[in-house]
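I opened this notebook page to record what I looked up about helix packing, charged pairs and the surface. The entries follow in the order in which I made them.

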Amino acid sequence: MDWGAELWDQFDIIEHHTQWGLDLAEKYIKFVKERTEIEQAYAKQLRSLVKKYLPKRNVREDLEAKFCQYQAFLQVVKELNDLAGQREVVAENLTTCICVELSKYIQELKQERKAHFQEGRRAQQQLENSFKLLDNSKRKFERDCREAEKALLTAERLDQDINATKADVEKAKQQAHVRGHMAEESKNEYAACLQHFNQDQSRFYFLEMPQIFNKLQEMDERRTARLREGYGLFSETERQVMPIVGKCLEGMKVAAEAVDEKSDSQLLIELHKSGFERPGDVEFEDFSQPMNRASSDSSLGTPRGPSDVRVDPRLLGKNKAKRWPFSKKNKPVITEDFSHLPPEQRRKKLQQKIEDRNRELQKEIDQRDALNKMKDVYQKTPQMGDPASLEPKIAETLSTIEKLRLEIQKYESWLADAEGRALSNRPDNAPRGGHQLDPASAINNNVSSHDKDSPDAPHSEDGTDTLNQPIYTEFDDDFEEELVSPIGSCVAMYRFEGSSEGTISMAEGEELSLVEEDKGDGWTRVRRGPGDEGYVPTSYLRLSLH
């Protein structure tokens, strides 16, 4: 079934329908454009939301960034950013595949449709011209026939009229003959025009217009098929990004499942554990006794002997503040050795500084080795370069290496001091084998425990400072027992000096016996041989339990 055969007399209908089809395609293009604007606006808003909630600085600088709940939040935000990118992909594909391509195709169809209708109108104009010739020849034939009949009647009347002359009769007959001849010629001309018109009309209705209508039908069907593809692209463009959108949503789900409340709680402990002991009971001060009043010079009842050992006021203030955990704290003065921090935090900061400097030192050493190798190559092959040109860089690298080594030694000395203080605050780190702690450690221990004010504290009768006497003597018997069996082995990943009382030094890569596991304070008890054991940082070890 085609338009040329079935709609041969519906020229106006075909013209209207083809125009309606083009208008529908343009309406769909406009619809898709508005959809792309929505997608672009949505993606822009998502991008703005992501930018608003992403950290403005490097998250490594924030302690809160270490918590898995915050990392999960950042992951959700990043996945949302990827999802916004997919909305932009949808908008771009819709614009390219539908708006641009279909618009271009519709413009071509408009030109094709215009050409077909121009061809149809030319054929119609030719048929109309042929019909006008036919109508003119018909009117001429009719007029000539009337004139011939009139001339014939006039000749017959004159022929019967006795008063008419012979010349008049002959003239009338001659005129009738001429008119009759003209009517016959008009008849022949009319017949020829009629035959020509019938041929033109047959060609118009059975050949030319059916061909034009069929071309318009084929064009409209192509437009419909292309519009169908556009409808399909509308959903296919969305479907193509669904796997990636699904991955974004799956990433959000994985981020949510990665949140572990227990690990965050433990991390909070590791980040902010001070290492101080809880304050002891405040002892009763009996001001009725002159002796006690004389020996008390503060609310804590700090005993003073003749040596009058002075406690570091910085440490005392720090421990005193811990008595009121919810009180407002003054902003500490930040020091290079991190002594403004609690013991545990100071130790971690110093260890982090040492690790950072070691990494920088290794980079500089690698660079120095590379420069030396290059210098050797230049010396062996002068055409490749001048060895002297590398001397300034080598000198600069050596200077940096020396500077980093000095900084590492400085931080290691501070770390040893911090670890000594941390050990002095632990009953587990009491002197082994009857050795007593150094006075500084004893002072720190007494300050952190807040037991100096106890009226029951032992006082020397001969006036010597009680701080010079051994502490934790009740544990001495425990350390004189037989050596316990190792519970595993360990390998030192870093070098440790072990300059504080109760610690042991170790070299990088050295294998040691594991005597006692870390009890949560960051220290592990190890043994090198009989009688040679002590505590080392747990983070410096790679453990292997039996």
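These are my entries on the structure shown above, which is a predicted model.

**Helix packing.** I looked up helices H2 (residues 11-53) and H3 (residues 68-160), and found that their axes come within 8 Å and cross at roughly 165°. Since angles over 145 degrees count as roughly antiparallel, H2 is therefore roughly antiparallel to H3. I also noted the handedness of the crossing, which is left-handed where H2 passes H3.

**Salt bridges.** I asked how many salt bridges there are by the rule used, and the count comes to 31. In one of them Arg222 pairs with Glu218, with 2.6 Å between the closest N and O atoms; the two are four residues apart in helix H4, and so about one helical turn separates them. Arg222 is partly exposed at 28% relative accessibility, and Glu218 is likewise partly exposed at 37%.

I then turned to Glu510, which forms a salt bridge with Arg528, again with the closest N and O atoms 2.6 Å apart. Glu510 lies in the loop between strands E1 and E2 whereas Arg528 belongs to strand E3, so the pair ties together parts that are 18 residues apart in sequence. Arg528 also meets Asp532 in a salt bridge, at 3.0 Å from N to O. Arg528 is partly exposed at 36%, as is Asp532 at 31%. I recorded, too, a network of salt bridges linking Arg35, Glu39, Arg87 and Glu238.

**Surface.** Last, I looked up a nonpolar surface patch of about 370 Å², made by Trp8, Tyr205 and Phe206. Phe206 is found in helix H4 (residues 166-257), and with a relative accessible area of 69% Phe206 is exposed.

Notes. Residues are numbered from 1 along each chain as its sequence is written. This is a predicted model: local features need pLDDT of at least 70, side-chain atom pairs count only at pLDDT 80 or more; totals for chains, interfaces and linings use all residues. Side-chain values use heavy atoms; hydrogens and water are left out. Patches are made of residues with over 30% relative accessible area and no salt bridge: like charges are joined within 9 Å, nonpolar side chains (Val, Leu, Ile, Met, Phe, Trp, Tyr) within 5 Å. Accessible areas come from the Shrake-Rupley method with a 1.4 Å probe; for residues, only the protein chains shown count as cover. A salt bridge is a side-chain nitrogen of Lys or Arg within 4 Å of a carboxyl oxygen of Asp or Glu. Buried means under 20% relative accessible area, exposed over 50%, partly exposed in between (1.4 Å probe, protein chains only). Axes are lines fitted to C-alpha atoms, for helices over the stretch in contact, and angles run from 0 to 180 degrees between N-to-C directions. Angles under 35 degrees count as roughly parallel, over 145 as roughly antiparallel, 65 to 115 as roughly perpendicular and the rest as oblique. A crossing is left-handed if the near helix is turned anticlockwise from the far one by less than a right angle, and right-handed if clockwise.
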